[in-house]
Protein chains: 2
Amino acid sequence: MPRYPGLLFDLDGTLVDSVYQHVLAWHEAMREQGIELSVWRIHRRIGMSGGLFLDALARELGREITTEQAQRLRARHMEGFLSRAGEVQALPGACALLERLSEYGVPWAIATSGRRVTAEIGLNLLGIGPDAKVVTRDDVEHAKPDPDLFLAAAERLNIDASSCFVVGDSVWDLLAAQRARALGVGVLSGGYGREELDDAGAYRVYDDPGDLLEHLDEVGVRRRGV
Amino acid sequence: MPRYPGLLFDLDGTLVDSVYQHVLAWHEAMREQGIELSVWRIHRRIGMSGGLFLDALARELGREITTEQAQRLRARHMEGFLSRAGEVQALPGACALLERLSEYGVPWAIATSGRRVTAEIGLNLLGIGPDAKVVTRDDVEHAKPDPDLFLAAAERLNIDASSCFVVGDSVWDLLAAQRARALGVGVLSGGYGREELDDAGAYRVYDDPGDLLEHLDEVGVRRRGV
């Protein structure tokens with residue numbers, strides 16, 4: 001194990017305050033298609049692969065979602081989210097946390113189940129330039145809770161995933177972290193409860209990126225060479 | 001103890017799928033006033049008294065909210081919620097549950113921390129007429145987690161609150177239930193996690209009103225005279 005772990009971050013709900021806008025964009029897209037699903041059930045599926053999301057939806061509805069319907073849902077969700085993008089902000093401490101890690105020489109990357117075009121909104125709010133290591137749904141075959149996104153992000157850092165921490169707000173992040181043999185750290189800023197994240201295998205749970213920044217010692221992050 | 005308990009229902013997140021719209025309406029109102037609070041922190045305060053909400057907000061911001069600012073926030077929240085009212089629906093099983101209770105001769109009432117004008121949206125979706133027993137923030141001195149709303153609702157049913165079940169989606173409902181000496185039943189449809197509701201004293205937790213309807217036997221609700 002290298003002495004300095006890498007940090008792999010989820011984006012929505014973890015670094016950017018965008019979960020509730022995603023939730024209502026999905027809700028709106030579904031209602032347009034005559035699909036009635038309670039908002040909290042959508043919330044609990046945010047962050048998982050879009051394909052699995054639609055499989056789960058089909059099960060809850062008790063009927064199949066056609067390929068055409070799935071495409072239409074995805075397209076309308078994206079439009080709905082982009083129309084709400086003005087409400088989205090970086091989470092407290094997110095920028096400072098990434099800056100601190102860079103200053104400490106601790107490698108970090110971002111791994112999101114979202115597509116590049118929606119992820120750009122968050123990346124811009126974080127002031128993340130083209131040099132940053134970012135893996136999106138477009139780069140891997142399977143999104144969370146499959147481990148592909150975090151494995152790819154660790155590879156970009158040239159660190160084995162088992163030496164990395166995964167920081168995420170959803171149970172899908174924490175399940176994917178376990179499958180990638182990484183340690184999972186939860187944040188409450190996506191709206192899940194602390195116990196849900198604990199139960200999904202979180203090693204620690206913090207309020208938001210700012211709270212994690214104040215407790216970096218607890219996850220063993222230190223300035224390189226100290 | 002009477003053999004047939006009364007049921008006291010919260011409204012938003014318990015019978016009506018309106019929590020996320022309330023959350024984003026508050027978020028928008030705050031941003032207009034230059035107040036930056038993460039969306040999940042607002043979510044966790046929904047359902048509590050507006051006054052306590054603003055006290056909690058002041059603490060988290062580390063500065064006072066003036067009376068004028070509080071009035072402006074409340075007014076803009078109400079406008080923002082009313083503008084989103086078209087997205088709001090009754091929760092699955094809510095209407096059927098209330099009908100079943102009426103059919104069984106089981107007394108029920110609604111007790112909401114919201115004002116009458118915003119509650120009307122939910123009451124209309126539920127098809128609740130003027131004869132139904134509904135207590136709103138306008139009728140009591142203190143809203144949840146004070147017990148006043150549930151005590152007043154029980155009084156309208158002429159049943160002691162200690163013989164009632166309170167059904168709610170938030171920890172504020174469950175704390176108010178305990179203070180009213182009523183048994184609390186949680187529902188997940190407001191977006192809290194199961195364990196949060198358990199920890200706040202829920203005697204049982206169901207997914208939503210439809211799930212409660214399917215398990216009425218578990219809370220001891222039966223047809224009057226059977």
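Which residue is the bridge partner of F165(B) in β7(B)? In the predicted model examined here, that partner is L183(B). The two residues belong to a pair of neighbouring strands of chain B, β6 (residues 164-168) and β7 (residues 183-187), which run parallel and are joined by 4 bridges. Both strands are part of an open sheet of 6 strands in chain B, arranged in the order β5-β4-β1-β6-β7-β8 and paired in parallel fashion. The sheet ends at β5 (134-135) on one edge and at β8 (202-206) on the other, each of these strands of chain B pairing on one side only.

Helices of chain B lie against this sheet. Helix α5 (residues 94-104) of chain B lies across β1 (6-9) and β4 (108-111) of chain B, and runs at about 155° to β1(B). Helix α8 (residues 171-179) of chain B also packs on the sheet, where it touches β6, β7 and β8 of chain B, and its direction makes about 170° with that of β7(B).

The contact between the two chains draws on 31 residues from chain B and 31 residues from chain A. Together, chain B and chain A bury about 2500 Å², of which 46% lies on carbon and sulfur atoms. Of the area that chain B buries against chain A, 26% is supplied by Y20(B), W40(B) and Q89(B), more than by any other three residues.

Polar and charged interactions also cross this interface: 17 residue pairs, both members at pLDDT 80 or more, are in polar contact between chain B and chain A, and the count of salt bridges between these chains is 4. A salt bridge is formed by D208(B) with R41(A), whose closest N and O atoms are 3.5 Å apart. On the side of chain B that touches chain A, at least two residues each are supplied by α1 (19-32), α2 (39-43) and α9 (194-199) of chain B, with the largest share, 6 residues, coming from α1(B). By class, this side of chain B comprises 10 nonpolar, 9 polar and 12 charged residues.

Over all chains, the structure holds 32 salt bridges. Within chain A, E28(A) forms a salt bridge with R84(A), the closest N and O atoms being 3.2 Å apart. This pair links distant parts of the chain, 56 residues apart, given that E28(A) lies in helix α1 (residues 19-32) of chain A and R84(A) in the loop between α4 (67-83) and β3 (89-90) of chain A.

Methods: Residues are numbered from 1 along each chain as its sequence is written. Chains are lettered from A and ligands numbered from 1 in the order in which they are written. This is a predicted model: local features need pLDDT of at least 70, side-chain atom pairs count only at pLDDT 80 or more; totals for chains, interfaces and linings use all residues. Side-chain values use heavy atoms; hydrogens and water are left out. Contact means heavy atoms within 4.5 Å. Buried area is the accessible area (1.4 Å probe) that two parts lose on being put together, summed over both. A salt bridge is a side-chain nitrogen of Lys or Arg within 4 Å of a carboxyl oxygen of Asp or Glu. A polar contact is a pair of N or O atoms within 3.5 Å; within protein, one must be able to donate a hydrogen and the other to accept it, and residues adjacent in sequence count only if both atoms are side-chain atoms. Ala, Val, Leu, Ile, Met, Phe, Trp, Tyr, Cys and Pro count as nonpolar, Asp, Glu, Lys and Arg as charged, and the others, Gly among them, as polar. Two strands pair if DSSP finds at least two bridges between them. Axes are lines fitted to C-alpha atoms, for helices over the stretch in contact, and angles run from 0 to 180 degrees between N-to-C directions.
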